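This report describes a structural model in terms of its sheet, its loops and its surface. The sequence and coordinates are shown first.

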Amino acid sequence: MKIIHVTQVEGVRRNLAKPEMGIFNEITPANADEVKKSMGVTRGFDVTGGMWNKISESLEAAQHGVETIIIAGEKPNELYNCLTNRPFVGTRIHS
């Protein structure tokens with residue numbers, strides 16, 4: 001089973017102030033503290049609770065064998081690539 005979050009960003013950014021630093025390719029319980037420290041404030045109103053909420057819920061799902069992926073919805077073919085196991089840019093969250 002897999003959960004896919006289709007967002008405005010290509011994954012979980014390492015540093016919101018410096019997008020050139022890229023994204024976390026994967027998040028696991030081992031690097032969750034580092035990821036949480038990199039979190040910034042959500043722009044605008046986010047009914048989903050923001051990126052950290054997605055991550056913490058995904059880490060909980062990972063304990064039950066469910067992988068989560070965060071990808072950019074505005075990037076052509078990313079969702080298709082993710083669903084068909086082709087290369088994509090995004091953050092995988094797993095145990």
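## Charge and ring

Which residue lies over the face of F24? R14 does, at 4.4 Å from the ring centre; the criterion is NZ of Lys or CZ of Arg within 6 Å of the ring centre and within 35 degrees of the ring normal.

## Basis of the values

The model is predicted: local features need pLDDT of at least 70, side-chain atom pairs count only at pLDDT 80 or more, and totals for chains, interfaces and linings use all residues. Residues are numbered from 1 along each chain as its sequence is written, and side-chain values use heavy atoms, with hydrogens and water left out.

## Sheet

An open sheet of mixed pairing is formed by four strands in the order β1-β3-β4-β2. Strands are DSSP runs of E with at least two residues, and helices are runs of H or I with at least four, numbered from the N terminus; two strands pair if DSSP finds at least two bridges between them. The edges are β1 (2-7) and β2 (26-27), each with a single partner strand, so one side of each is left without a neighbour in the sheet.

Strands β3 (residues 67-72) and β4 (residues 91-93) are antiparallel and share three bridges. T68 has I93 in β4 as its bridge partner.

## Loops with positive phi

Most residues other than glycine have a negative phi. N77, in the loop between β3 and α3, has a positive phi near 75 degrees. N85, in the loop between α3 and β4, has a positive phi of about 60 degrees.
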